[in-house]
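Good morning, and thank you for coming.

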Amino acid sequence: MTPDQWLEQVRFAADGLVPVVAQDHRNGNVLMLAWATREALEKTLASGQAYYWSRSRQQLWRKGETSGHTQRVTEIRLDCDGDTVLYRVEQQGPACHTGRPTCFSTAIRKDGGAETESEPGGHLLTRLATTIARRAAERPEGSYTVRLLDHGVAKISQKVGEEAVEVVVAANAEDGQRLAAESADLLYHLLVLLAARGVSLDDVLRALEEREK
């Protein structure tokens with residue numbers, strides 16, 4: 001499909017705009033919502049940098065042109081109705097003008113209240129890694145994560161080894177549900193080990209990304 005053929009499938013509104021959702025290509029975080037004209041989509045496709053249309057300034061703009069918080073677009077997707085575009089991006093710095101990683105930092109609780117999360121996380125593992133980091137910083141009493149971290153890298157490494165053995169045993173001698181549970185234990189303890197060593201989940205995902213290429 002040529003660029004022109006792809007753009008013909010985009011259903012622009014009467015004002016010539018289409019909403020664009022930007023998503024972190026590595027961890028799945030939804031970063032922001034903006035608008036694009038046909039020209040903005042063309043420039044994004046041609047340059048690999050995220051372009052949008054500013055409704056307040058009535059002009060084309062490239063993300064990060066003044067702040068330096070650029071978005072390298074790794075993939076463009078179109079939804080099933082053609083009326084929303086998805087940019088999967090490599091974000092440099094925070095995506096939000098407030099300095100937060102994402103514009104969607106306000107979580108609405110079931111009681112109707114709201115709270116701001118510094119790193120909401122688009123993926124369960126990202127959220128889990130964030131929770132582990134929060135435990136390490138806040139040190140809540142009775143936390144198993146804190147207890148593990150207090151034991152140090154050697155002890156956590158031993159625990160990861162034990163969990164890995166349990167995964168192997170479950171894979172060879174138990175049912176799929178047990179294997180899933182043991183794998184969850186392994187992933188959790190591995191994230192704690194990464195936190196203890198100061199290695200981020202994003203570092204691991206970046207290494208996997210390189211292997212995917």
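Predicted model: local features only at pLDDT ≥ 70, side-chain atom pairs only at ≥ 80, totals over all residues.

**A nonpolar patch on the surface**

I begin at the surface, where Val30, Leu33 and Phe104 make up a nonpolar patch with about 270 Å² of accessible area together. A patch here consists of residues with over 30% relative accessible area and no salt bridge, with like charges joined within 9 Å and nonpolar side chains (Val, Leu, Ile, Met, Phe, Trp, Tyr) within 5 Å. Accessible areas come from the Shrake-Rupley method with a 1.4 Å probe, and for residues only the protein chains shown count as cover.

Residues are numbered from 1 along each chain as its sequence is written, and side-chain values use heavy atoms, with hydrogens and water left out.

Val30 belongs to strand β2, residues 30–36. Helices (H or I, at least four residues) and strands (E, at least two) are DSSP runs, numbered from the N terminus. With a relative accessible area of 38%, Val30 is partly exposed; buried means under 20%, exposed over 50%, and partly exposed in between, with a 1.4 Å probe and protein chains only.

**The protein as a whole**

The protein has 7 helices and 8 strands. Its radius of gyration is 21 Å, well over the 17 Å that the globule rule gives for 213 residues, so the protein is more spread out than a compact globule. That radius is taken over C-alpha atoms, and the rule is 2.2 Å times the number of residues to the power 0.38. Along the principal axes, the C-alpha atoms fill a box of roughly 60 × 40 × 35 Å. Of the 213 residues, 32% count as buried.

**Salt bridges**

How many salt bridges does a search of the whole structure find? It finds 14, each being a side-chain nitrogen of Lys or Arg within 4 Å of a carboxyl oxygen of Asp or Glu.

One of them joins the side chains of Arg26 and Glu90, at 3.8 Å from N to O. This pair links distant parts of the chain, 64 residues apart: Arg26 is in the loop between β1 (18–24) and β2, and Glu90 is in strand β6 (residues 85–91). Arg26 is buried, with a relative accessible area of 17%.

In helix α7 (residues 201–212), Arg206 and Asp202 lie 4 residues apart, about one turn of the helix. Their closest N and O atoms are 2.8 Å apart in a salt bridge. Arg206 is partly exposed at 34% relative accessible area. Arg206 also forms a salt bridge with Asp203, the closest N and O atoms being 3.2 Å apart. Through shared partners, salt bridges join Arg26, Arg72, Glu90, Asp202, Asp203, Arg206 and Glu209 into one network.

**Helix α6**

Finally, consider helix α6, residues 176–197: its 22 residues should span 32 Å at 1.5 Å a residue, and its end C-alpha atoms are 31 Å apart, which agrees. The expected span is 1.5 Å times one less than the number of residues. The buried residues of α6 include Glu182, Tyr188 and His189. Against which helices do the buried residues of α6 pack? They pack against α3 (124–138), α4 (144–151), α5 (153–173) and α7, where contact means heavy atoms within 4.5 Å. Just after α6, Gly198 takes a positive phi of about 75°.
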